[in-house]
Structures are given as structure tokens and as C-alpha cells.
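Here is a friendly walk through one protein model, written to be read alongside the sequence and the 3D view. Keep both open as you go.

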Amino acid sequence: MVSNDALTDVAGLRVGHARVPGDRALSGTTVVLAPPGGAVAAVDVRGGGPGTRETDALDPRNLVQRVEAVVLTGGSAYGLEAAAGVMAWLEERGRGVRVGPEPSHVVPVVPAACVFDLGRGGDWKARPDASTGRAAVEAADATEPGAPLECGGVGAGTGAVIGGMKGGVGTASTVLPSGVTVGALVVANAVGSAVDPLTGVLYGAYGEGRPDYPAPEVHAAALRRLAEAVERSGWPPLNTTLAVVGTDADLTRAQAQKLAGTAHDGIARAVRPVHLLNDGDTVFTLATGARPLAEGAGPLALNEVLAAGADVVTRAIVRAVRSAASVSGPGGDFPSYRALYGVE
């Protein structure tokens, strides 16, 4: 039974958030920490403007078999420095790829990806660094197994914006008939919109059955207010949606890469348009290997995991948008979906 509808329902995965300090700072970092010994990892990048670190190491043709952590961060390419703080923390604990005769002779491989949020708090240089990454991994390490996750404007979602609205962090999970758990954590920060302009319904909510349709006059007023906020802010549409899809399934590296790829379908269901040149959409997979795939199905046993990965990414984006709170300050006016549609 799913306990928190969160990535942390995958046993062994823990999550920590940290925020850049300062009144004019609107950025942060989120770390997904694997269990000691690491997890099989993969990545699929489909946005045209990605900012990443150590993603080549995840290619199934290459040496590294498992990773100890994944970093999602604000600050655009500057914010990738946060991974150095996570790397140092892991090294201190002897966690990483063993490269020498002593247990301390390790090189932690820490894949990372960033979102654009520069200047959204008013200070262009307020962005994550190594200390932010260290604070986030320490926060992850301090959590109890299976702990619930804070969503909305936290960690890498602190300065997130989606289609002009305030975005943020969201999460979701499911348990399959085979007993395998699949979960996702997203940072919803897209150029495209999460809202159907014809109805005001979140695109990702259509899959929930019978979504609540805003009254036409409420939707019209929301569109006007959002357009005014976007015009006042004046920022170029430079964004990116990031996700980590985790599972306790025993996956090969090639299977994990396939899961990262199909999980992008979950972004496409919840955001339109998607994978643009000014997005850097990136999905990581972490597989802990605690459970075998369904017996008797052969290679097709992976299909239920692939389908679930896309589903939980969609639900996580919906949760991110619904959890976000409005932000207004010297860096711009970013109203939330709840505020625009009167559901706060």
C-alpha cells in the first residue's frame, strides 16, 4: 500500500531540499539520495537547452554501474556547483566508485541537472553553490525511511515557473500488481503551460476522471491576470522540467534508460508545448533492485513499470502546480494556480 504517494515510497530513496538564503533569493537544490551502495541509474534528455553534469557516465555502454545521489538544482548552469557539495559529503563517507586500495579512495559520481530561475527573486547572483548541495544531502540523510515529501516552492522548485504561473516540486507513486513500487519527483518549471487554455483545467488532471471545470468567468479572469503578470515580469521563457523516477524493481542499466525515456511521456501529458529549445527537460531513473520484475512475462514484464513511470510523472506535475504558492517581489510576479482560480 502506498503510504505517502511520494518518491520516498520506494524503499531506500530519501529526499532533501535546501534553499539559497537571502531576501532577494528565489532558488534552491533538491537531492535524491540512494541507499548505501547506490542504485542503477539512467538518464534521458529531450529538452533543447539542458544544463547537466555527469550524464554521460550513465550511458549503459560506460563504466559506472551505480550512483549514490542525483542532484536537481536551480541557478541554471551556475547551480550545477551544488553537486560538488554532495560529492564531498559522499567522499567523507567512502561512498562512490572505488578507485584505489583504501576504502576512502572513491570518486562519487553525482549526476545533476538544473532549471533556469536566475533573478526571479531579484538578485541575479543568488543561486545554489556547493554549500546548498551539502545542506540538501544532509537534509535527505536526516529523514526517516519513507518520510513524506514537502511539495511546492521548495528545493529546486523554489523559483520554478510553469507557463508564467508559479511552479515547484511535486511527487507521486504507485504499487503495481507485481508488488513493484514506482515513484517520481519532478521540478515543474516549463516554458509550456500546465493549463488547458480552453477550460482552465490542468492538462494532467484530465486523466483523473472527472476534473473540476472552473466557471468560464473565473477562467477568463485568470487568463487576464496571468498575461498581466507575465508582461510585468519581463523575463525570457527559459525554463526546464526535471524528474527522477525511482523504482525498487531489479532493472538493468538498459531497462533503466528505457524507463527514463518513456517517463518523458508523462511530462508531455501535463505540459504543452514540451521539449522546446528553451527547455532542458531531463528525466533520471534510479532502480534499487530490491524486487524482481513480474515472473513469467519475460522481457515484457518491464511494460508495467514503463507505463507507471509516465503516469506518476504526470501526477507529480499536477501536484507540483496545485501545491505552489504565489510569489511576488522585485524579481517578478508569479501567481499560483490556486490563486488564479480561487482555490487557495
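## A tour of loops, strands and helix pairs

Pro214 sits in the loop that runs between strand 12 (181-188) and helix 3 (216-233). Helices here are DSSP runs of H or I with at least four residues, strands are runs of E with at least two, and both are numbered from the N terminus. Before going further, please note that this is a predicted model, in which local features need pLDDT of at least 70, side-chain atom pairs count only at pLDDT 80 or more, and totals for chains, interfaces and linings use all residues. Residues are numbered from 1 along each chain as its sequence is written, and side-chain values use heavy atoms, with hydrogens and water left out.

Back to Pro214. Setting aside neighbours within four places in sequence, Pro214 is in contact (heavy atoms within 4.5 Å) with Thr199, Gly200, Val201, Tyr337 and Tyr341. Pro237 lies 23 residues from Pro214 along the chain, and their C-alpha atoms are separated by 26 Å.

**Two helix pairs**

Two packed helices are described by the angle between their axes and the distance between the axes. The axes are lines fitted to C-alpha atoms, for helices over the stretch in contact, and the angles run from 0 to 180 degrees between N-to-C directions.

Take helix 1 (residues 82-92) and helix 2 (residues 130-142): their axes come within 6 Å and cross at roughly 50°. Helix 1 and helix 2 are therefore oblique to each other; angles under 35 degrees count as roughly parallel, over 145 as roughly antiparallel, 65 to 115 as roughly perpendicular and the rest as oblique. The crossing of helix 1 past helix 2 is right-handed, meaning that the near helix is turned clockwise from the far one by less than a right angle. On the helix 1 side, the contact is made by Ala82, Ala84, Gly85, Val86, Ala88, Trp89 and Glu92. Helix 2 brings Ala130, Gly133, Arg134, Val137, Glu138 and Asp141. Sorted by class, this contact of helix 1 with helix 2 has seven nonpolar, two polar and four charged residues. Here Ala, Val, Leu, Ile, Met, Phe, Trp, Tyr, Cys and Pro count as nonpolar, Asp, Glu, Lys and Arg as charged, and the others, Gly among them, as polar.

How do the axes of helix 4 (residues 253-270) and helix 5 (residues 302-323) cross, and within what distance do they come? They come within 7 Å and cross at roughly 40°. That makes helix 4 oblique to helix 5. Helix 4, too, passes helix 5 in a right-handed crossing. Among the residues making the contact are Leu259, Ala263 and Ile267 of helix 4 and Leu306, Ala310 and Val313 of helix 5. The contact of helix 4 with helix 5 divides into 10 nonpolar, five polar and four charged residues.

**Buried or partly exposed?**

The table lists some residues by relative accessible area. Buried means under 20%, exposed over 50%, and partly exposed in between (1.4 Å probe, protein chains only).

| Residue | Relative accessible area | Class |
|---|---|---|
| Ala112 | 0% | buried |
| Thr240 | 1% | buried |
| Asp59 | 19% | buried |
| Gly163 | 21% | partly exposed |
| Glu54 | 32% | partly exposed |

Ala112 belongs to strand 8 (residues 112-114). Not counting residues up to four places away in sequence, Ala112 touches Gly51, Thr52, Arg53, Thr55, Val71, Leu80, Ala83 and Phe284. The C-alpha atoms of Ala112 and Glu138 are separated by 17 Å, with the two residues 26 apart along the chain.

Asp59 is in the loop between strand 4 (52-53) and strand 5 (69-73). With which side chain does the side chain of Asp59 make a polar contact? The partner is Arg61, at 2.6 Å. A polar contact is a pair of N or O atoms within 3.5 Å; within protein, one must be able to donate a hydrogen and the other to accept it, and residues adjacent in sequence count only if both atoms are side-chain atoms.

Gly163 lies in the loop between strand 9 (161-162) and strand 10 (165-166). Beyond its neighbours within four places in sequence, Gly163 is in contact with Ala190, Val191, Gly192, Ser193 and Leu226.

**Backbone details**

Glu54, in the loop between strand 4 and strand 5, has a positive phi near 60° and is not a glycine. Thr240, in the loop between helix 3 and strand 13 (242-249), is likewise not a glycine and has a positive phi of about 140°. Finally, a cis peptide bond joins Arg272 and Pro273, with omega about -10°. Pro273 is found in the loop between helix 4 and strand 14 (282-291).
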